[in-house]
Amino acid sequence: FTSYQGVSANRIVRVNGDGSRDTSFNIGVGFDSAVVPTAIQSDGKVVVGGWFSSYQGVSANGMVRLSSDGSRDASFDIGSGFNGLVQTIAVQSDGKVIVGGSFTTYQDQASNRLIRLQ
């Protein structure tokens, strides 16, 4: 989707309990292609995966982490990212992230469809 309740929301939106849009979650121009999985970390940050190459106009090949206000978390650096679709994300209790999908490389290194990020 590219809108929610008639307002631009490029592939992700956070809603309040009553279904209204949470305007404190500002994604700017959002994603350039499909968002597939999301996972919320214990600190409220949102890990997003999919078939996109940018978020808010900045390179993000397949994955990005958003702060609770929708801004990009620059401390989460995936470098060149994934060469294919990120289909699933799981956040472990220690905060490490398991990623699965149809990719064969992560940061230009062989990674056959499954990786655990530090």
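Helices (H or I, at least four residues) and strands (E, at least two) are DSSP runs that are numbered from the N terminus. Along its principal axes the C-alpha trace spans about 40 × 30 × 20 Å.

This is a predicted model, in which local features need pLDDT of at least 70 and side-chain atom pairs count only at pLDDT 80 or more, while totals for chains, interfaces and linings use all residues. Residues are numbered from 1 along each chain as its sequence is written, and side-chain values use heavy atoms, with hydrogens and water left out.

Buried residues (under 20% relative accessible area, 1.4 Å probe, protein chains only) make up 39% of the 118 residues. A nonpolar core is a set of buried Ala, Val, Leu, Ile, Met, Phe, Trp, Tyr and Cys residues joined through side-chain atoms within 4.5 Å. The largest one has 14 residues, and those with the most contacts inside it include Met 63, Phe 82 and Ile 89. Two or more residues each come from strand 8 (86-91), strand 9 (97-101) and strand 12 (114-117). Apart from this core lies another, of eleven residues, among them Phe 31 and Val 48.

Key:
Buried < 20%, exposed > 50% of the residue type's maximum accessible area, 1.4 Å probe, protein only.
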